[in-house]
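Here is a short report on one structure. Please look over the sequence and the coordinates before reading on.

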Amino acid sequence: MRVEWLTERHPMVSLPPHETASGSPTFELASSQASLAFERTLITLDQSLMGAVRTSLALISFGFALILFFHQVSGVVGADLRVPARNFGLSLLLMGTGLVTAGLLGHRKRYNDLRSKMDELYRRKLLTEGCPYRRSPIAIFALLLLFAGLLTMMGVLIRIGPFR
């Protein structure tokens, strides 16, 4: 009698996975709540990546603007400020691309860890559905930002385009 009461309230706690009543409403509710918790965690992963993208976008754009500004102003002022501005701008570009790279790698690792945990629970029949495959639009934007940052650094280093 005591075990039946426990399985009604917490079906995944007291019984092994093969003995869980997967058709019971309690199991469905617990499985649904767990799936929603995983979904919230996936959303949090995207929000963390958005923070890295926002910061790296600011670093990359400020480094780019700094290089262009001092490239234009150095002829008017009379002093050649292009080399120090170029070095500082390159360091900002490097920090921005490094940050977005670290954000992307961390996002991918945490997503893979979460997906494997969710799929393991699904294999053990503790969840009614596995981890849904989804492409993160934030990750796609982060990849585009990474390539833009790398192209800008190459342009500054080999002095093409507006960086002559």
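## Model and helix H4

This is a predicted model. Helix H4 spans residues 82-123, which is 42 residues. From first C-alpha to last, H4 reaches 60 Å. That is close to the 62 Å expected at 1.5 Å a residue.

Just after H4 comes Lys125, with a positive phi of about 65°.

## Packing of H4 on H5

Helix H5 covers residues 137-158. The axes of H4 and H5 lie 9 Å apart, at an angle of about 155°. Angles over 145 degrees count as roughly antiparallel, so H4 and H5 are roughly antiparallel to each other. The crossing of H4 past H5 is left-handed.

On the H4 side, the contact is made by Arg86, Leu90, Leu93, Leu94, Thr97, Val100, Thr101 and Leu104. H5 contributes Ala139, Ala142, Leu143, Leu145, Leu146, Gly149, Leu150, Thr152, Met153, Val156 and Leu157. By class, the contact holds 14 nonpolar residues, four polar and one charged.

An α-helix has 3.6 residues a turn, so residues three or four places apart point the same way.

## Asp46 in helix H3

Helix H3 runs over residues 25-77 and includes Asp46. Is Asp46 buried or exposed? Its relative accessibility is 11%. Buried means under 20%, so Asp46 counts as buried.

Which residues does Asp46 touch, leaving aside those up to four places away in sequence? They are His107, Arg134, Ser136 and Ile138.

Notes. Residues numbered from 1 in each chain as written. Predicted model: local features only at pLDDT ≥ 70, side-chain atom pairs only at ≥ 80, totals over all residues. Heavy atoms only, no water. Helix = DSSP H or I, 4+ residues; strand = E, 2+ residues; numbered from the N terminus. Expected span 1.5 Å × (residues − 1). Axes fitted to C-alpha atoms, helices over the stretch in contact; angles between N-to-C directions. Parallel < 35°, antiparallel > 145°, perpendicular 65-115°, else oblique. Left-handed = near helix turned anticlockwise from the far one by under 90°. Contact = heavy atoms within 4.5 Å. Nonpolar A, V, L, I, M, F, W, Y, C, P; charged D, E, K, R; others polar. Buried < 20%, exposed > 50% of the residue type's maximum accessible area, 1.4 Å probe, protein only.
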